[in-house]
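Student: Could you walk me through how to read some features of a protein model? I'd like the general idea and then the case at hand.

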Amino acid sequence: MFKTTILRSILVFHLLLSSIGQAQILNIESMRKINKDTKWSGNTNLSVQLIENKNSFVLVSNRTRLQYKHNKHLSLIIGDYNFKESNSNKIVSKGILHFRYNYKLSEKIRTEIFVQNQFDEISKIKYRRLLGFGPRFKLNNSENYKFYAGTLIMKEWERIESDLEQVKHNDIRISAYLSFSLFPKDGVSIVSTTYFQPKADEFSDLRWSNDSKIVFKIIKNLAFNVQFTMSYDNHPALGIPKTQYKLTNGLIYTFG
């Protein structure tokens with residue numbers, strides 16, 4: 001059934017119609033797989049493009065997902081790397097490595113811990129290292145409408161480097177999120193996650209993001225999706241806009 005496969009780990013073919021900016025908060029909710037019968041699942045996608053005509057382009061992309069789910073345990077590893085260059089000018093240069101572990105305490109409550117390292121040269125982030133833990137709540141039991149919430153405490157080590165500034169941050173943040181998955185009819189799904197991450201001792205220093213996706217089934221394992229991501233950082237590096245967003249259209253192939 002499409003309802004039980006749409007949230008599986010996915011391979012997104014690179015059919016990008018429009019993109020502006022990059023989100024700084026990784027949406028883990030869209031990468032969880034809910035199939036109870038499969039322990040191991042995942043995918044990897046490596047894309048390299050070299051284009052030389054009136055202009056020269058270099059595009060490198062790697063996306064890897066690996067999940068292990070058994071009984072009360074769930075482990076998830078995510079790795080992303082993206083590099084785009086035009087005429088020796090970097091357009092995108094960023095990467096994320098994320099590990100998360102969930103343990104099921106009851107039907108409604110999980111506890112989770114994660115570690116993450118990322119960089120984003122365009123946003124002047126030399127590195128951002130995270131360590132977080134806290135509870136995750138299942139808010140309902142419906143198979144057609146799923147709601148989850150989490151409230152985690154997160155330690156953050158960050159270094160900003162640019163021609164205008166070099167700054168190190170060593171902060172504690174709250175990482176709260178609300179996620180829902182709607183299946184109004186067979187072959188259609190709507191998935192949305194909103195993150196809110198203020199500093200624990202200064203709520204005005206905050207980040208938030210929303211990642212929303214609509215998926216339409218084409219054939220058995222192939223679907224078309226429209227995804228919109230928007231993020232806001234109240235204290236970005238100098239010269240970087242507070243608000244960034246990305247619109248993506250593409251094909252999804254599901255398996256496992």
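Student: Which residue forms a salt bridge with Lys146?

Tutor: The general idea is that side chains of opposite charge can pair when their charged atoms come close. The rule here asks for a side-chain nitrogen of Lys or Arg within 4 Å of a carboxyl oxygen of Asp or Glu. Lys146 meets it with Glu143, where the closest N and O atoms are 3.3 Å apart. Lys146 counts as buried because its relative accessibility is 9%, and buried means under 20% relative accessible area, with exposed over 50% and partly exposed in between (1.4 Å probe, protein chains only). Keep in mind that this is a predicted model, in which local features need pLDDT of at least 70, side-chain atom pairs count only at pLDDT 80 or more, and totals for chains, interfaces and linings use all residues. Residues are numbered from 1 along each chain as its sequence is written, and side-chain values use heavy atoms, with hydrogens and water left out.

Student: How many salt bridges does the rule give?

Tutor: The count comes to 16 salt bridges. One of them pairs Arg63 with Asp80, with 3.7 Å between the closest N and O atoms. This pair links distant parts of the chain, 17 residues apart: Arg63 sits in strand β3 (residues 56-70) and Asp80 in strand β4 (residues 73-86). Helices (H or I, at least four residues) and strands (E, at least two) are DSSP runs, numbered from the N terminus.

Student: Are the two partners, Arg63 and Asp80, buried, partly exposed or exposed?

Tutor: Arg63 is partly exposed because its relative accessible area is 29%. Asp80, at 16% relative accessibility, counts as buried.

Student: Which residue forms a salt bridge with Arg128?

Tutor: That is Glu156, and the closest N and O atoms are 3.7 Å apart. Again the pair links distant parts of the chain, Arg128 in strand β7 and Glu156 in strand β8, 28 residues apart. Both Arg128 and Glu156 are buried. Salt bridges that share partners also join Arg128, Glu156, Glu158, Arg173, Asp205, Arg207 and Asp233 into one network.

Student: What about a buried charge such as Asp211: where is the nearest side chain of opposite charge?

Tutor: Asp211 is buried yet has no salt bridge, and the nearest side chain of opposite charge, Lys213, is 6.0 Å away. Asp211 belongs to strand β11 (residues 202-219). Its side chain does make a polar contact with the side chain of Gln227, at 2.9 Å. A polar contact is a pair of N or O atoms within 3.5 Å; within protein, one must be able to donate a hydrogen and the other to accept it, and residues adjacent in sequence count only if both atoms are side-chain atoms.

Student: Now the strands. How many bridges join β7 to β8?

Tutor: Two strands pair if DSSP finds at least two bridges between them. Strands β7 (residues 125-138) and β8 (residues 145-161) run antiparallel and are joined by 11 bridges. Within that pairing, Gly132 stands opposite Met154 in β8, and a hairpin of six residues connects β7 to β8. On to the next pair: β8 and β9 (residues 166-185) are also antiparallel, with 17 bridges. There, Arg159 has Lys168 in β9 as its bridge partner, and the hairpin from β8 to β9 passes through four residues.

Student: Which residues make up the largest nonpolar core?

Tutor: A nonpolar core is a set of buried Ala, Val, Leu, Ile, Met, Phe, Trp, Tyr and Cys residues joined through side-chain atoms within 4.5 Å. The largest one has six residues: Phe114, Leu130, Leu152, Met154, Tyr177 and Tyr195. Leaving aside neighbours within four places in sequence, Leu152 is in contact (heavy atoms within 4.5 Å) with residues including Phe114, Phe133, Ile174 and Tyr177.

Student: What is the phi of Asn71?

Tutor: In general, most residues other than glycine have a negative phi. Asn71 has a positive value near 55° and is not a glycine. Asn71 lies in the loop between β3 and β4, and counts as exposed because its relative accessibility is 63%. Ser88 likewise has a positive phi, about 70°, although it is not a glycine. Ser88 lies in the loop between β4 and β5.

Notes. Lys and Arg count as positive and Asp and Glu as negative; His and the chain ends are not counted.
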